[in-house]
Amino acid sequence: MSALQVQGVSFAYGPRQALQEVGFNVAAGSFSALLGPNGAGKSTLIALLTRLYDLQHGDIHIFGHSLRCEPRQALRQLGVVFQQSTLDLDLSVQQNLAYHAALHGLGKREAGARIDEELARQQLGERRHEKIRALNGGHRRRVEIARALLHRPRLLLLDEASVGLDPASRLALNQHVRTLCSEQQLAVLWTTHLLDEIATGDDLLVLNRSRLVAQGPAGELGDDLAASFNRLTAPAPQPMEVGR
Amino acid sequence: MNAYWYCLQGIVQREWLRFVLQRSRFFSALVRPLLWLLVFAAGFRAALGIAIIAPYDTYITYETYIVPGLACMILLFNGMQGSLSMVYDREMGSMRVLLTSPLPRAFLLASKLLAIALISLLQVYAFLAIAWFYGVQPPVWGLLAALPALLLVALLLSALGLLLSNGIRQLENFAGVMNFVIFPLFFLSSALYPLWKMREASEWLYWLCALNPFTHAVELVRFALYLRFSPLALAVCLGLTLLFAALAVLTFNPQHAALRKGS
């Protein structure tokens, strides 16, 4: 069964089309990278996948559950790290995680055990009582990942999670998520506009100007991924004026 | 069922933690009504005689008259401020965490409104305690009887605030709505003057006040504080709470703001 099936999804902000007939699958336990330049429609797609926006056309299934028909079952399978940090800066690491656990209907005892487990996995156990404001960008992202995994989802979405991090932290975060993916058989959809976050073995989806323009193993795009990406995302040629 | 209970607990706890962290919010919420009680009411005591009107059994001081209105003023400001925080949450993205919960959106929003209302009640009772020591002493059982009335009014005003915030594009616009909503609601009500006083001044002003939902909110609390019951006030408050809450939930949609920006 696919972890994620996106079928013919289109979305428009009024007259502006943000996504057109986008369709793809993410296999269970795989690492997929959704690549696209800024404004390609990645964040809109994430908003639709997380049901923040209502679907206008098409459907999305998460582990077989339709977001249209069974949103609760679908959302239970889903963990999300948004592009913009959604942590409460004035609350501690533990308080932020406990809030998320409650939103997913976990009781205090169960939530406590899972928080311990996730913080240990993210190597943040000693920082549990620190306020988010006191953490650096990399650690904040790790807290967000811990939070996203707290309700034990089988699909993890990361929307440009490395934005704002220095190169070393970006690389460490990327490696960390890959490790989680392989150790926990977690399906991951990693959206980015940075080519160096993609490995040749990844399932690659390239989104440009609201359409999915390429799909397949990253290695098959050619030896020079950057050249392929530039070709795929090149601006449309301007219409020439003739006959003047 | 447990999942709903844990979720509600979590939302209330977060609101409580944020409240504890923002102690200045607590004090500023108290300063406003206390200024009205200790300064404004003291000055107007001589000028404004209060006749015997329900629910009071005897002549009362002006301070005694305005305490229920000032308690509702706290709820009004908090209800609007709570909604302001939801606009802020929506803009800053933290609302997304709430909305990606698998529990129904209507339940999540209702829990948020209840959490805002419960925090407001703490401030109201802190104000009533200070007013008690100042000499405004309703029956002790009245303080208990007023609890459900205050909770209903808090929910009514929070739901109204959420409904208004749904129509706001950006955080900055909320200030304008505050001026056009809070002040007219408060001043065109029975919070500061009894309706018969308004009628003496102007017939149309009287009708504006009589039709103002906030007047009914104030009267519900006033009657409850003095162990009396106003069926009309209860009916209006209950009906409007359900109406505003339903409209707020139906019109709440984070993609509306995005669609408006895109259009």
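Tutor: A residue is buried if 20 or more other C-beta atoms, placed from the backbone, lie within 10 Å of its own, exposed if 12 or fewer, and partly exposed in between. This is a predicted model, in which local features need pLDDT of at least 70, side-chain atom pairs count only at pLDDT 80 or more, and totals for chains, interfaces and linings use all residues. Residues are numbered from 1 along each chain as its sequence is written, and chains are lettered from A in the order in which they are written.

Student: How many residues of helix α1 of chain A are buried?

Tutor: Helices are DSSP runs (H or I, at least four residues), numbered from the N terminus. Helix α1 of chain A spans residues 42-49 and is mostly covered. Among its buried residues are A:Lys42 and A:Leu49. The count of buried residues is 8 of 8.

Student: Which residue with a positive phi follows α1(A)?

Tutor: The phi in question is near 65 degrees. The residue is A:Arg51.

Student: Which helix gives the largest share of the side of chain A that touches chain B?

Tutor: Residues are in contact if their C-beta atoms, placed from the backbone, lie within 7 Å. The contact takes 28 residues from chain A and 25 residues from chain B. On the chain A side, α2 (71-76) and α3 (93-103) each supply at least two residues. The largest share, 6 residues, comes from α3(A).

Student: How many residues has the largest nonpolar core?

Tutor: A nonpolar core is a set of buried Ala, Val, Leu, Ile, Met, Phe, Trp, Tyr and Cys residues joined through C-beta atoms within 7 Å. Those with the most contacts inside the largest one include B:Cys72 and B:Val221. B:Cys72 touches B:Val221, among others. The largest nonpolar core has 141 residues.

Methods. Two residues are in contact if their C-beta atoms, placed from the backbone, lie within 7 Å. Lists of a residue's contacts leave out its neighbours within four places in sequence.
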